[in-house]
Amino acid sequence: MDKVNFTRMKDGTKEDYEFLTSHEIEYTKGTADRLLRALEQLDESLSGYQVTRLGHSVQSATRAWRDGADIDWVVAVLLHDIGDIFAPYNHDEYAATILKPFVREQCRWCVQAHGDFQMLYYGHHLDGFDQNKRDRHRGHRYFDDCAEFCERWDQASFDPDYSSLPLSFFAPMVQQVFARTAYDPEVTRAPDQPLTNRDIAAERARP
Ligand SMILES: [Fe+2]
Ligand SMILES: [Fe+2]
């Protein structure tokens, strides 16, 4: 079989659906490659800043990496604005949905909420924006993490002179995260990790 016979899903057979499932499993193995290509496309999106959206993404991830953040943080940070192309009004939720099955909840939540938190830096300059939109999340267990994520890695990463690591540096981390078993509780419910680990950061900063 190289194609199913049905034209309406309800007419499909067990054989059809087993065939489709095996195809789907093969296809999911390419998720990391497709995400890396989508990141490259961010280079052409939304102009006006001093760095492209790809430049912003790798700069954010580089800062996270140099702070000693672990792989879940670094990959989440790298992908946090990947929704800009297709979901300009909820790009945070878009990225969080991609990450949800593969990173721990702490990182997924911060990506999902980062749009609200980022308003702290520009909301007061624009009509109709609430600078304190993040306050609706006060008391959440990841409030401080998201605030720090935005302060250290997101809002700070629009500098054209910053020496970011290339996307290729992060590619193996993206491959590793998206090769995990989806929704593995060992991953999604893994213990929270600090954003910065000073010991690792000092080690990585060494020439
Ligand atoms: Fe964003
Ligand atoms: Fe961002």
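**Group meeting talk: a chain of helices**

Leaving aside its neighbours within four places in sequence, Asp-92 is in contact with Gly-83, Val-111, Gln-112, Ala-113, His-114 and Gly-115, where two residues are in contact if their C-beta atoms, placed from the backbone, lie within 7 Å. Before I go on, please keep in mind that this is a predicted model, in which local features need pLDDT of at least 70 and side-chain atom pairs count only at pLDDT 80 or more, while totals for chains, interfaces and linings use all residues. Residues are numbered from 1 along each chain as its sequence is written, and chains are lettered from A and ligands numbered from 1 in the order in which they are written.

Let me stay with Asp-92, which is found in helix α5. Is Asp-92 buried or exposed? Asp-92 counts as buried because it has 21 C-beta neighbours inside 10 Å; the rule is that a residue is buried if 20 or more other C-beta atoms lie within 10 Å of its own, exposed if 12 or fewer, and partly exposed in between, with C-beta atoms placed from the backbone. Arg-66 is 26 residues away from Asp-92 along the chain, and the C-alpha atoms of the two are separated by 23 Å. Helix α5 covers residues 91–99, and its buried residues are His-91, Asp-92, Tyr-94, Ala-95, Ala-96 and Leu-99. What covers these buried residues of α5 includes α4 and α6.

Now let us step back to the whole chain. The chain has 10 helices and zero strands, and here helices (H or I, at least four residues) and strands (E, at least two) are DSSP runs, numbered from the N terminus. Along its principal axes, the C-alpha trace spans about 55 × 45 × 35 Å. Of the 207 residues in the chain, 32% are buried, and among the contacts with a separation of 6 or more, 62% are between residues 24 or more positions apart.

Next comes the core. The largest nonpolar core has 39 residues, and those with the most contacts inside it are Val-74, Ala-76 and Leu-99; by a nonpolar core I mean a set of buried Ala, Val, Leu, Ile, Met, Phe, Trp, Tyr and Cys residues joined through C-beta atoms within 7 Å. At least two residues of this core are supplied by each of α2 (31–41), α3, α4, α5, α6, α7 and α8 (167–178). Which helix gives the largest share of this core? That helix is α4, with seven residues. As for Leu-99, if we leave aside its neighbours within four places in sequence, it is in contact with Ala-76, Leu-79, Cys-107, Arg-108 and Val-111.

Let me turn to how helices pack. Helix α3 (residues 53–66) and helix α4 (residues 71–79) pack at an angle of about 160°, with their axes 7 Å apart; axes are lines fitted to C-alpha atoms, for helices over the stretch in contact, and angles run from 0 to 180 degrees between N-to-C directions. That angle makes α3 roughly antiparallel to α4, since angles under 35 degrees count as roughly parallel, over 145 as roughly antiparallel, 65 to 115 as roughly perpendicular and the rest as oblique. Ser-57, Ser-60, Ala-61, Ala-64 and Trp-65 of α3 make the contact with Trp-73, Val-74, Val-77 and Leu-78 of α4. These residues divide into seven nonpolar, two polar and no charged, where Ala, Val, Leu, Ile, Met, Phe, Trp, Tyr, Cys and Pro count as nonpolar, Asp, Glu, Lys and Arg as charged, and the others, Gly among them, as polar.

Helix α4 also meets α8, and the axes of these two come within 10 Å and cross at roughly 105°, which makes α4 roughly perpendicular to α8. On the α4 side the contact is made by Ile-71, Val-74, Val-75 and Leu-78, and on the α8 side by Phe-170, Met-173, Val-174, Gln-176 and Val-177. The division here is eight nonpolar, one polar and no charged.

Tyr-183, in the loop between α8 and α9 (185–188), has a positive phi of about 60° although it is not a glycine. Most residues other than glycine have a negative phi. Tyr-183 counts as exposed because it has 10 C-beta neighbours inside 10 Å. Asp-2, in the segment before α1 (14–28), likewise counts as exposed, with 5 C-beta neighbours inside 10 Å. Asp-2 and Phe-19 are 17 residues apart in sequence, and their C-alpha atoms are 8.5 Å apart in space.
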